[in-house]
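The structure is shown first.

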Amino acid sequence: MALDRKNVPNDLSAFWMPFTANRQFKKDPRMLVSADGMFYKTADGRDVLDGTAGLWCCNAGHNQPRIVEAIRQQAGELDYAPAFQMGHPKAFELASALRDMAPKGMDHVFFTNSGSESVETALKIAIAYHRARGEGSRTRLIGRERGYHGVNFGGISVGGIVTNRKVFGSLLTGVDHLPHTHLPGENTFTKGQPEHGAHLADELERIVALHGAETIAAVIVEPMAGSTGVLLPPKGYLERLRELCTKHGIILIFDEVITGFGRLGSAFAADHFNVLPDLMTTAKGLTNGVIPMGAVLATGEIHDAFMQGPEHLIELFHGYTYSGNPISSAAGLATLETYREEGLFERAAAMAPYWEEALHSLKDARHVVDIRNMGLIGAIELEPIAGEPTKRAFTAFLKAYEKGILIRTTGDIIAMSPPLIIEKEHIDQLVGTLREVLEALD
Ligand code: PXG
């Protein structure tokens, strides 16, 4: 399609784009210039249906008026306040609102600016918590193969996506990994949680036997692995992991950066699976993706372990210039209010069965080898082109964009996570367009 470049800057060279094929993009840029509700508008004036809520973050849809207004107002009232040794009301209000929305027991909130920072924060809190209790030998961190925990050094160390790790040196020491839970032979075309694989949590016993429980600080997992291509926890898996962590005194961290704020049809995955972690990392949907913000939620037990010693001393030497900044806090408050007042989590749950049926109707489409879903998340796995992994799915992404839908691909997996305001007609458009794209694909 010939590109109308009138809304595209002449010089694209300076911006080194993140997680992007820069040279390919700059030859044929895909530029979004505005958005509303379920749709983006492109530089060449086309509407593109947002099948991914931006990057899994715009759960309430785009340009949500309450959020836009809250940011506008806050910017003109208190633009910034120091985050260390000073406070402003909205950060406290947001922390309380988040606690009230979170699973019972997650009583304290540490603000960050992204999922990656939330992960670093949670890992540091876990290690420092054990030390505060006189168990300073607990420093090891256990992640999982195929896990995604952001891109900072702690996160890629516990993460398990090889491309995100292999060119960045030796990473953190003292890290080990659980096996991933993808069992394609046994669990194909699963609707919701797969039947097989709970036993994979028992691998933690092997890791404990190898290193000694007294050296292990925390286990971090995504309750549903998103970035790697939507891997749902097998039935019983998270329960088993919780049991083993409790048994061995290990902190369980749920990385809820994607699963938080309604993605599965409940506020958090912890609610959905009824398994409580000790620490939870969040970001993305906390502010509807509108402005950077993340938060780590901690149980009272973890928080209180730090609240010792003379009261004038700082209890945790950690934080960011923008932790709980006024504009992000205002956006967060308006976002949580929107979720609540518009019943968006319930809406996601109510739409999930239609979403599931629509996605699985693609079972017989060309190249499809698996489909997985839960809440308003779906993944369609394609047979890779022999010798050219990722190419088939990436081509599908480009063709889909040309045909007016935005999807994400990772490897040869198409992942979708639309805003929770999606209507049936949008689901029909996504799935109908995908079928056309897949049928025309080499
Ligand atoms: N943890 C999890 C579970 C994530 O999914 C992060 C941490 C890092 O968040 P930040 O805010 O630092 O990016 C993430 C981010 C995709 C995709 O398409 C996923 C993420 C980010 C961008 C794209 O799968 N997840």
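Predicted model: local features only at pLDDT ≥ 70, side-chain atom pairs only at ≥ 80, totals over all residues.

The pairing of E13 with strand E3 (residues 47-50) is parallel and extends over 2 bridges. Within E13, Ile 405 is the residue that stands opposite Leu 49.

## The crossing of H4 and H11

Helix H4 (residues 89-101) and helix H11 (residues 326-341) have axes that come within 9 Å and cross at roughly 35°. The crossing in which H4 passes H11 is left-handed.

On the H4 side, the contact is made by Lys 90, Ala 91, Glu 93, Leu 94, Ala 97, Leu 98 and Met 101. H11 contributes Ser 328, Ser 329, Ala 330, Gly 332, Leu 333 and Leu 336. Divided by class, the contact of H4 with H11 comprises 8 nonpolar, 3 polar and 2 charged residues.

## The surroundings of the ligand

There are 15 residues around the ligand, of which Gly 115, Ser 116, Ser 227, Asp 255 and Arg 408 come nearest.

Polar side-chain atoms of Ser 116 and Trp 56 each lie by an oxygen atom of the ligand, at 2.6 Å for Ser 116 and 3.0 Å for Trp 56. For Lys 284, a polar side-chain atom lies 3.4 Å from a nitrogen atom of the ligand.

Conventions:
Residues numbered from 1 in each chain as written. Heavy atoms only, no water. Axes fitted to C-alpha atoms, helices over the stretch in contact; angles between N-to-C directions. Helix = DSSP H or I, 4+ residues; strand = E, 2+ residues; numbered from the N terminus. Left-handed = near helix turned anticlockwise from the far one by under 90°. Contact = heavy atoms within 4.5 Å. Nonpolar A, V, L, I, M, F, W, Y, C, P; charged D, E, K, R; others polar. Pairing = 2+ DSSP bridges. Near = heavy atom within 4 Å. Polar contact = N/O pair within 3.5 Å; in protein donor to acceptor, adjacent residues only side chain to side chain.
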